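Here is a short report on a structure. Have the sequence and the 3D view open as you read.

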There are 2 protein chains.
Amino acid sequence: MIEELEKVKDSILIKGIKTQELSSMLGCLRCVIKKYDKGETVISEGDKINKFGLLIEGKLQVVQYDYLGNKSVVSVIEPKQIFGEAFAYVDKISSLDVEAIEKSKVLFLDSDKLSTPCENCCTFHKQLVKNLLYTISNKNVNLTQKIECMSQRTTKEKLLTFLSLESIKNNSKEFTISLDRQALADYLGVERSAMSAELSKLRNDGIIECEKNWFKLL
Amino acid sequence: MIEELEKVKDSILIKGIKTQELSSMLGCLRCVIKKYDKGETVISEGDKINKFGLLIEGKLQVVQYDYLGNKSVVSVIEPKQIFGEAFAYVDKISSLDVEAIEKSKVLFLDSDKLSTPCENCCTFHKQLVKNLLYTISNKNVNLTQKIECMSQRTTKEKLLTFLSLESIKNNSKEFTISLDRQALADYLGVERSAMSAELSKLRNDGIIECEKNWFKLL
DNA sequence: AAAAGTATGTTGGAAATCCAACAAGTTTTT
DNA sequence: AAAAACTTGTTGGATTTCCAACATACTTTT
């Protein structure tokens, strides 16, 4: 089990915890590792969650079904990322599914054990809580920024809001983004082709320069 | 200071902490209370945040300015609610403003002190961390649901997604919501009048019944 | 009880988005 | 190196949303 943990020791959740503390952590937080084949379900909608996951290897997908039963992908989980923590701490049943899209290994941690330090108040506990607060807060900031973009009325405004936030993040008028056109359109909640057209217009109007994933605000 | 705390002792953050523990908490977390007149700024965009706030009395507004300088209200803070915690824990500068829209009293707590229990590991610390994790996770779930609604392409789908989520929350096909039409339109990111028209259509098509804040899914 | 203010529904033309289809360029596979 | 698969940009008509203006109902103030 320790060998598996080594693979993710620089993940945001475990970062800063000494190697010699890892094994006491495993016991203290009732850690278990589970393996999933491609296509298997990791968390089902309706599950009561009291553990959250840290993906060690493979790839997962968070999906959701709307009122008509249409499936949509909410996010993709890569190794070293955590998932399910929000539902674990609000103590609600999950409204999302998590599925393995590759053969995967997941470390589950007991959410209650993590937030309630044991009597001897192990030092790694403090660090874990800090890391977890950081991670969830960070997700909140990102969700808020996505909402900021999506709240704009026109595609042009959505694009400019997104690009301006990216520019701030990169502290420069020039930057590259990690999304391709389709992913960006999905992120902003608009049609890819309409967005492409709008990008061209922004370019022709001399407001931006761009090529592939590279952008420059003028 | 203790008297002020009494007013918010059933807030989600402080809930479950014994009265006799409150005073040691005040010291341990370097609490300070600040007062603001109507119109005063509580947090400025660009501020480095290492404390977060618990509103004791009054009313605050979280606002943001887009790339053109247009102001928009992100949320309204009522007494007993906390604010600024996301920026405090990601250790980034705030990208939002918080302003008092009524004469207000705010309790500030040191975010670092809260997440790093002191040597004696006071019991209230554990409870605070739990409460904080609950609060942030809950915001996370709410933001995700808002995004789920806003991601829908048409106003009709946005409405039905929202209503279906409310129905699940209330565990019933019939329920009342806390938003008026304008607030609902803002929440979904659409035009009020267009949304009203869409609601009428849903009613005529026999998909829902509604009157004011009361809704029934058929 | 009248007046003013607020919330909601309705409507029609202007504007924006969606959608489907295709062209051109790029990357990956064979 | 050719073929296949994928990505991006373009276009035009159908659909949807926005916007502004107004009617009606309900609430609050005077």
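## Ground rules

This is a predicted model, in which local features need pLDDT of at least 70 and side-chain atom pairs count only at pLDDT 80 or more, while totals for chains, interfaces and linings use all residues. Residues are numbered from 1 along each chain as its sequence is written, chains are lettered from A and ligands numbered from 1 in the order in which they are written, and side-chain values use heavy atoms, with hydrogens and water left out.

## Aromatic pairs

How many aromatic pairs does the structure hold over all chains? There are 8. Rings of Phe, Tyr and Trp (its six-membered ring) pair if their centres lie within 6.5 Å; planes under 30 degrees apart count as stacked, over 60 as edge-to-face and the rest as tilted. Take Phe52(A) and Tyr89(A): the ring centres are 6.3 Å apart and the planes stand at 45°, so this pair is tilted. Phe52(A) is in strand E3 (residues 51-57) of chain A, and Tyr89(A) is in helix H3 (residues 85-90) of chain A. They are 37 residues apart, so the pair links distant parts of the chain. Helices (H or I, at least four residues) and strands (E, at least two) are DSSP runs, numbered from the N terminus. Phe52(A) is buried at 1% relative accessible area, and Tyr89(A) is buried at 9%. Buried means under 20% relative accessible area, exposed over 50%, partly exposed in between (1.4 Å probe, protein chains only).

Phe175(A) and Phe215(A) form a stacked pair, with 6.2 Å centre to centre and 15° between the planes. Phe175(A) belongs to strand E9 (residues 174-176) and Phe215(A) to strand E11 (residues 214-217), both of chain A. Both residues are buried.

## Charges over rings

The charged end of Lys34(A) sits over the ring of Phe108(A), 5.5 Å from its centre. Lys34(B) lies over the face of Phe108(B), also at 5.5 Å from the ring centre. A charge sits over a ring if NZ of Lys or CZ of Arg is within 6 Å of the ring centre and within 35 degrees of the ring normal.

## A buried asparagine

Is Asn140(B) buried or exposed? Its relative accessibility is 5%, so Asn140(B) counts as buried. Asn140(B) is in helix H5 (residues 123-151) of chain B. Among the residues that Asn140(B) touches are Ala86(A), Lys139(A) and Asn140(A), not counting residues up to four places away in sequence. Contact means heavy atoms within 4.5 Å.

## DNA strand C

DNA strand C is surrounded by 18 residues, and Thr155(A), Glu191(A) and Arg181(B) are among the closest. A residue is near a strand if one of its heavy atoms lies within 4 Å of it. H8(B) gives the most to this surface, with 5 residues. A polar side-chain atom of Ser193(A) lies 3.4 Å from a base nitrogen of DNA strand C.

## DNA strand D

Around DNA strand D there are 17 residues. H8(A) gives the most to this surface, with 5 residues. A polar side-chain atom of Ser193(B) lies 3.4 Å from a base nitrogen of DNA strand D. A polar contact is a pair of N or O atoms within 3.5 Å; within protein, one must be able to donate a hydrogen and the other to accept it, and residues adjacent in sequence count only if both atoms are side-chain atoms.
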